[in-house]
Amino acid sequence: MATRKSSESKPDPNLTVAAEKASMVIRGLQARLQQRPAEPEQETADDLERQLAQYFQHSMPAPRQPLLNDLRGRVIDGVADRILRQWEQHSSIESAVVERLIDRLVERLCPGVS
């Protein structure tokens, strides 16, 4: 008769290694946060997205990259769908989003003009 312990599945060693690596990254980020000066430089959304992409590129094996790209695409689609649904309800957010997009495009296309 098999014991209960032998019938339970053992943890996946790859999952254990990935969890340990993630834990190390988190501890490293916490240490960096504690070392920051009182008034840290503001990181832009682009900086944070680039750091996140770099982390996933280096930490994930190649076969998982298409899954991450698919997940990112689905998140973007979900956000776009939500914004469009709000616009269909004549939400005031529409004009604010369009205005912000125009401002950012002008900043990127014409850096000296503001």
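## A pair within helix 3

Let's start with a contact: aspartate 47 and arginine 50 form a salt bridge, with their closest N and O atoms 2.7 Å apart. A salt bridge here means a side-chain nitrogen of Lys or Arg within 4 Å of a carboxyl oxygen of Asp or Glu. The two residues sit 3 apart in helix 3 (residues 45-59), so about one helical turn separates them.

For reference, buried means under 20% relative accessible area, exposed means over 50%, and partly exposed is in between (1.4 Å probe, protein chains only).

## What kind of model this is

This is a predicted model, in which local features need pLDDT of at least 70 and side-chain atom pairs count only at pLDDT 80 or more, while totals for chains, interfaces and linings use all residues. Residues are numbered from 1 along each chain as its sequence is written, and side-chain values use heavy atoms, leaving out hydrogens and water.

The protein chain has a mean pLDDT of 75, and 77% of its residues reach 70 or more; pLDDT is the predictor's confidence in each residue, from 0 to 100. Among the chain's elements, helix 4 has the highest mean pLDDT (83), while helix 1 (residues 4-7) has the lowest (49).

## The overall layout

The protein chain has 5 helices and 0 strands, running α-α-α-α-α from the N terminus on. Helices (H or I, at least four residues) and strands (E, at least two) are DSSP runs, numbered from the N terminus.

Of the chain's 114 residues, 0% count as buried. Its accessible surface comes to about 10800 Å², with 57% of that belonging to carbon and sulfur atoms. These areas come from the Shrake-Rupley method with a 1.4 Å probe, and for residues only the protein chains shown count as cover.

Helix 4 has 24 residues and reaches 35 Å from its first C-alpha to its last, close to the 34 Å expected at 1.5 Å a residue. That expected span is 1.5 Å times one less than the number of residues. Histidine 90 follows helix 4, and its phi is positive, near 60 degrees.

The whole structure holds 4 salt bridges. One of them joins the side chains of arginine 72 and glutamate 49 (2.2 Å, N to O). Arginine 72 lies in helix 4 (residues 65-88) and glutamate 49 in helix 3, so this pair ties together parts that are 23 residues apart in sequence. Arginine 72 is partly exposed at 46% relative accessibility, and glutamate 49 is partly exposed at 40%.

Aspartate 70 and arginine 74 also meet in a salt bridge (3.9 Å, N to O). Both lie in helix 4, 4 residues apart, or about one turn of the helix. Aspartate 70 is partly exposed at 40%, whereas arginine 74 counts as exposed at 54%.

## A nonpolar patch

Which residues form a nonpolar patch on the surface? They are Leu71, Val75 and Val79, with about 250 Å² of accessible area together. Patches are made of residues with over 30% relative accessible area and no salt bridge; like charges are joined within 9 Å, and nonpolar side chains (Val, Leu, Ile, Met, Phe, Trp, Tyr) within 5 Å. Valine 79 lies in helix 4 and is partly exposed, with a relative accessible area of 47%.
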